[in-house]
Amino acid sequence: FLVTETVRIDGSLLEGGGAILRNSVSLSAIFQHPVEIYNIRAKRSNPGLRNQHAFVIKTIGQLCSASMTGVEVGSSRITFAPGRLKGGEYTVDVQTAGSLSLILQALFPVAALSGEKVTLKLKGGTDVPWAPPIDYMHYVYLPMIEKLGIEASLCVGRRGHYPKGGGLVTCCLL
């Protein structure tokens, strides 16, 4: 089954949070198919993209040389057209306590499938409400990924908690 048009996704569906956004952009990059996401977080008290969403989309975009529109804080609509996956070193500073675990969950599959070494240097929240703590990523997520044959390491340089953030995490995929 081959999709030949841009896939349009209503970002207000179900819980209408950042998960539909992060997963849609990650899958777009992996499958090399453009997406448009609209009504982003429309049911939330502060709708639209937040810092952590904009930064994860931009980083995925760098990992695949994507063409993007609307990727700024407050935006309720984005377009994302991926190019070729590639390795490299990427820095993400969400400038808030945005969850680094949720960011890693979106970046990890794209980085793992790039076929090249990827180093992710992240700054934000390591242990924040409504998201898996960074220890989950280290002790549960990475061991599961390694069973798929993906070599990765995760180093926590400093913890970052809500509301300040400031945690430092480095993740390397070989």
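Author: Contact means heavy atoms within 4.5 Å. Helices (H or I, at least four residues) and strands (E, at least two) are DSSP runs numbered from the N terminus. This is a predicted model, in which local features need pLDDT of at least 70 and side-chain atom pairs count only at pLDDT 80 or more, whereas totals for chains, interfaces and linings use all residues. Residues are numbered from 1 along each chain as its sequence is written, and side-chain values use heavy atoms, with hydrogens and water left out.

Reader: How far does helix H1 reach from its first C-alpha to its last?

Author: Helix H1 covers residues 18-31 and has 14 residues. The expected span of a helix is 1.5 Å times one less than its number of residues. For H1 that expectation is 20 Å, and the helix comes close to it, with a reach of 20 Å.

Reader: Against which elements do the buried residues of H1 pack?

Author: Residues of H1 that are buried (under 20% relative accessible area, against over 50% for exposed and in between for partly exposed, with a 1.4 Å probe and protein chains only) include Gly18, Leu21, Arg22 and Val25. Ser24, Ser26, Ser28 and Ala29 also belong to this buried set. The partners of the buried residues of H1 are S1, S2, helix H2 (51-63), S4 and helix H3 (100-112).

Reader: Which residues does His53 contact, leaving aside its neighbours within four places in sequence?

Author: His53 has its place in helix H2. Its relative accessibility is 4%, so His53 counts as buried. Leaving aside neighbours within four places in sequence, the residues in contact with His53 are Gly18, Leu21, Arg22 and Arg41.

Reader: What phi does Ser65 have?

Author: Ser65 lies in the loop between H2 and strand S3 (67-69). Its relative accessibility is 44%, so Ser65 counts as partly exposed. Although Ser65 is not a glycine, its phi is positive, at about 45 degrees.

Reader: How many salt bridges does the count give?

Author: A salt bridge is a side-chain nitrogen of Lys or Arg within 4 Å of a carboxyl oxygen of Asp or Glu. By this rule, the count of salt bridges comes to seven.

Reader: How many residues apart are Arg8 and Glu36, which form a salt bridge?

Author: In the salt bridge between Arg8 and Glu36, the closest N and O atoms are 2.8 Å apart. Arg8 belongs to strand S1 (residues 7-10) and Glu36 to strand S2 (residues 35-38), so the pair links distant parts of the chain. The two residues are 28 residues apart.

Reader: Is Glu36, the partner of Arg8, buried or exposed?

Author: Arg8 is exposed, with a relative accessible area of 52%. For Glu36 the relative accessible area is 11%, so this residue is buried.

Reader: Which residues are linked with Glu36 in a network of salt bridges?

Author: Glu36 also forms a salt bridge with Arg77, with the closest N and O atoms 2.7 Å apart. That pair joins distant parts of the chain, from strand S2 to strand S4 (residues 77-81), 41 residues apart. In the network, Glu36 is linked with Arg8 and Arg77.

Reader: What distance separates the C-alpha atoms of Arg77 and Asn39?

Author: Arg77 counts as partly exposed because its relative accessibility is 40%. Not counting residues up to four places away in sequence, Arg77 touches Glu36, Ile37, Tyr38, Ile40, Thr69 and Gly70. Asn39 is 38 residues from Arg77 along the chain, and their C-alpha atoms are separated by 6.3 Å.

Reader: Which residue forms a salt bridge with Arg159?

Author: Arg159 is partly exposed, with a relative accessible area of 37%. The closest N and O atoms of its salt bridge are 3.1 Å apart, and the partner is Asp127.

Reader: What is the omega of the peptide bond that joins Tyr162 and Pro163?

Author: Pro163 is found in the loop between S7 and S8 and is exposed, with a relative accessible area of 60%. Most peptide bonds are trans. The bond that joins Tyr162 and Pro163 is cis, with an omega of about 10 degrees.
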